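Subject: Structure handover

Hi,

Here is the structure for you to look over. My notes follow below it.

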Amino acid sequence: MHKRTKIKIAIFVLLVGMACTFTAVVTDHWAVLSPRVERVNETCEAAHFGLWRLCKKHIYMSSENNVEQGCGPISLPGEENCTYFGHFTPGQDSEIFEYKTQKEYNISAAAISIFSLAFMILGSLCLLGSCTGKGKGRDYLLKPAGMFFAFAGLCLFISLEVMRQSVKRMIESEDTIWIEYYYAWSFACACAGFVLLFLTGIALLLLSMPQMPQNPWETCMDAEPDQVE
């Protein structure tokens, strides 16, 4: 397969990875939390949250629902109330949720995700310069582009791990009502974004490297002959 074709495929995969990453950062379904449900025919409060907001949903549990699985599923109809985390909206009263569930984890995960977006923007600018450039400048810009996208994937991976630790602390804390959890589609988008950005960034970096000669004698044959005095 021609080198330019491989680069075009890599750029397409990077676009998919960037779309997954952006979707994960701006949506609120990284994790779904559920409290214990003692009996049916009562209302319980489930929650789902992302990097920036927490959404609580009042769900009516009828006899048709499996109470053993906790409150939900979150897709059931109910009144939903979404609020930004207290540390992002100073001046507002924060509930015990923000104070007792390691909010520093959420701050770190959100901040690292911003770095990931910044690296994606820098990589996109390098790709744009590579597509509009001519000659050796095109391949030269592919190297920093690959590095920026790989860094974006690494930052997203760190954000995923920080968020995972945050959810773990929420469940283990005695100050919260949550006893069950599962990771939702926003978390899956972030995982896909990490894999696509990191691996394709490395591939783009390798494609921009000078091609090694298949035959060791090619280097000698390409060398300029010595001048005879």
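**Helix α3 and its surface**

Leu 122 sits in helix α3. The model is predicted, so please read everything here with that in mind. Leu 122 has a relative accessibility of 37%, so it counts as partly exposed. Together with Ile 121 and Leu 125, Leu 122 makes a nonpolar surface patch of about 280 Å².

**Aromatic pairs**

The count of aromatic pairs comes to seven. One of them joins Phe 119 and Phe 148. Their ring centres are 6.2 Å apart, with 25° between the planes. That pair is stacked, because planes under 30 degrees apart count as such. Phe 119 belongs to helix α3 (residues 103-132) and Phe 148 to helix α4 (residues 136-172), so the pair ties together parts 29 residues apart in sequence. Phe 119 is partly exposed, at 22% relative accessible area. Phe 148 is also partly exposed, at 23%.

Phe 157 and Phe 194 make another pair. The centres of these rings lie 5.0 Å apart and the planes stand at 35°, so this pair is tilted. Phe 157 is in helix α4 and Phe 194 is in helix α5 (residues 185-207), so parts 37 residues apart in sequence are tied together. Phe 157 is partly exposed, with a relative accessible area of 42%.

Which residues do ring pairs link into a cluster? They are Trp 30, Tyr 181, Tyr 183 and Phe 187.

Best wishes

Definitions and conventions
Residues are numbered from 1 along each chain as its sequence is written. This is a predicted model: local features need pLDDT of at least 70, side-chain atom pairs count only at pLDDT 80 or more; totals for chains, interfaces and linings use all residues. Side-chain values use heavy atoms; hydrogens and water are left out. Rings of Phe, Tyr and Trp (its six-membered ring) pair if their centres lie within 6.5 Å; planes under 30 degrees apart count as stacked, over 60 as edge-to-face and the rest as tilted. Helices (H or I, at least four residues) and strands (E, at least two) are DSSP runs, numbered from the N terminus. Buried means under 20% relative accessible area, exposed over 50%, partly exposed in between (1.4 Å probe, protein chains only). Patches are made of residues with over 30% relative accessible area and no salt bridge: like charges are joined within 9 Å, nonpolar side chains (Val, Leu, Ile, Met, Phe, Trp, Tyr) within 5 Å. Accessible areas come from the Shrake-Rupley method with a 1.4 Å probe; for residues, only the protein chains shown count as cover. A salt bridge is a side-chain nitrogen of Lys or Arg within 4 Å of a carboxyl oxygen of Asp or Glu.
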